[in-house]
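Take a walk through this protein with the model open beside you.

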Amino acid sequence: MTYKSLEEAVSCTQTDQIEEASCTETQQSSKIEEVCGAILLLLVLVLFIGIPNIVTFNSEPPRTKFTIADASIVHFNLASNNTLYYNFRVTIAAKNFQNYIKSYDKATAIASYKDNQLTSVKMAPFKLSSKNTVRLEPIVFEGNNVMILEPQQLAKYNKETQLEIYNLDVDLDLDCYKVYIHCPSLRVPLISNGKVAPTFNSTTCSYKDDRW
């Protein structure tokens with residue numbers, strides 16, 4: 001083989017190696033571009049699909065909202081034999097935020113005073129139409145209970161008697177939905193003495209499991 005032929009062979013070999021290397025780099029670059037394109041597409045899908053779902057989740061309307069719209073006491077007296085005689089009523093407003101009718105067939109209202117349960121009352125079944133507020137019939141709590149108040153609790157009772165405003169708690173047991181509604185520290189005025197009673201301040205209740 002002549003020198004010229006050897007030189008041409010070497011030149012051809014180097015050219016083939018360079019072209020092969022260039023081809024390999026092009027393939028690697030193409031693969032990188034494909035991976036980057038796939039990642040970019042995935043991010044776009046997350047942005048356009050994920051964000052609307054997050055917004056929908058965060059903006060989900062709350063469950064039924066219960067409010068003690070009105071309350072008043074006709075009689076409330078702790079006798080010397082530690083028996084509390086009481087007669088009071090509360091009016092509840094219920095607001096449905098959902099787009100469908102809600103039915104409450106089994107509901108119980110429970111009244112308490114100073115951590116002592118007084119009585120429970122079965123509520124009449126009621127329905128809430130779509131995104132509507134209903135004012136339910138007044139619930140009357142009446143009866144007597146023997147209770148032993150701690151000195152601090154008794155002092156608070158005496159103070160409330162002077163003000164003719166008593167702090168009562170009302171819970172709602174919505175048995176059909178397995179949830180409890182808590183309406184604490186209701187400042188309920190006494191109206192039996194013929195005086196102009198203070199206006200009751202509407203009080204919003206909360207779900208005992210802290211979800212709304």
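**From strand to core**

Ser-72 lies in strand E1. Strands (E, at least two residues) and helices (H or I, at least four) are DSSP runs, numbered from the N terminus. The model is predicted: local features need pLDDT of at least 70, side-chain atom pairs count only at pLDDT 80 or more, and totals for chains, interfaces and linings use all residues. Residues are numbered from 1 along each chain as its sequence is written, and side-chain values use heavy atoms, with hydrogens and water left out.

Is Ser-72 buried or exposed? Ser-72 has 14% relative accessibility, so it counts as buried. Buried means under 20% relative accessible area, exposed over 50%, and partly exposed in between, with a 1.4 Å probe and protein chains only. Leaving aside neighbours within four places in sequence, Ser-72 is in contact with Phe-88, Arg-89, Val-188, Pro-189 and Ile-191. Contact means heavy atoms within 4.5 Å.

Now turn to the sheet. Five strands form an open sheet in the order E5-E4-E9-E10-E12, with antiparallel pairing. Two strands pair if DSSP finds at least two bridges between them. Strand E5 (116–122) and E12 are the edge strands, each pairing on one side only. Helix H2 (residues 151–163) packs on the sheet and touches E4 and E9. The direction of H2 makes about 105 degrees with that of E9. Such angles run from 0 to 180 degrees between N-to-C directions, and the axes are lines fitted to C-alpha atoms, for helices over the stretch in contact.

Why is E4 largely enclosed by the rest of the structure? The reason is that 7 of the 7 residues of E4 are buried. Ala-107, Ala-109, Ala-111 and Tyr-113 point one way, while Thr-108, Ile-110 and Ser-112 point the other way. E4 pairs with E5 over 6 bridges, in the antiparallel sense. E4 and E9 also run antiparallel, joined by 6 bridges. Thr-108 has Lys-122 as its bridge partner in E5 and stands opposite Asp-173 in E9. Ser-112 is bridged to Gln-117 in E5. The hairpin of E4 and E5 has 2 residues between the strands, and Lys-114 takes a positive phi near 55 degrees there.

Next comes the core. The largest nonpolar core has 41 residues, and those with the most contacts inside it are Phe-66, Ile-68, Phe-76, Tyr-113, Met-123 and Leu-172. A nonpolar core is a set of buried Ala, Val, Leu, Ile, Met, Phe, Trp, Tyr and Cys residues joined through side-chain atoms within 4.5 Å. Among the elements that give two or more residues to this core are strand E1 (65–78), strand E2 (83–95) and strand E8 (139–146). Leu-172 is in contact with residues including Phe-66, Ile-92, Met-123 and Ile-181, leaving aside its neighbours within four places in sequence.

Tyr-104 lies in strand E3 (residues 102–104). Tyr-104 is buried, at 2% relative accessibility. The side chains of Tyr-104 and Thr-64 make a polar contact (2.6 Å). A polar contact is a pair of N or O atoms within 3.5 Å; within protein, one must be able to donate a hydrogen and the other to accept it, and residues adjacent in sequence count only if both atoms are side-chain atoms.

Last, the covalent link. Cys-183 is joined to Cys-205 by a disulfide (S to S 2.0 Å), defined as a pair of cysteine sulfur atoms within 2.5 Å. Cys-183 lies in strand E10 and Cys-205 in the loop between strand E11 (203–204) and strand E12 (206–207), so the pair ties together parts 22 residues apart in sequence.
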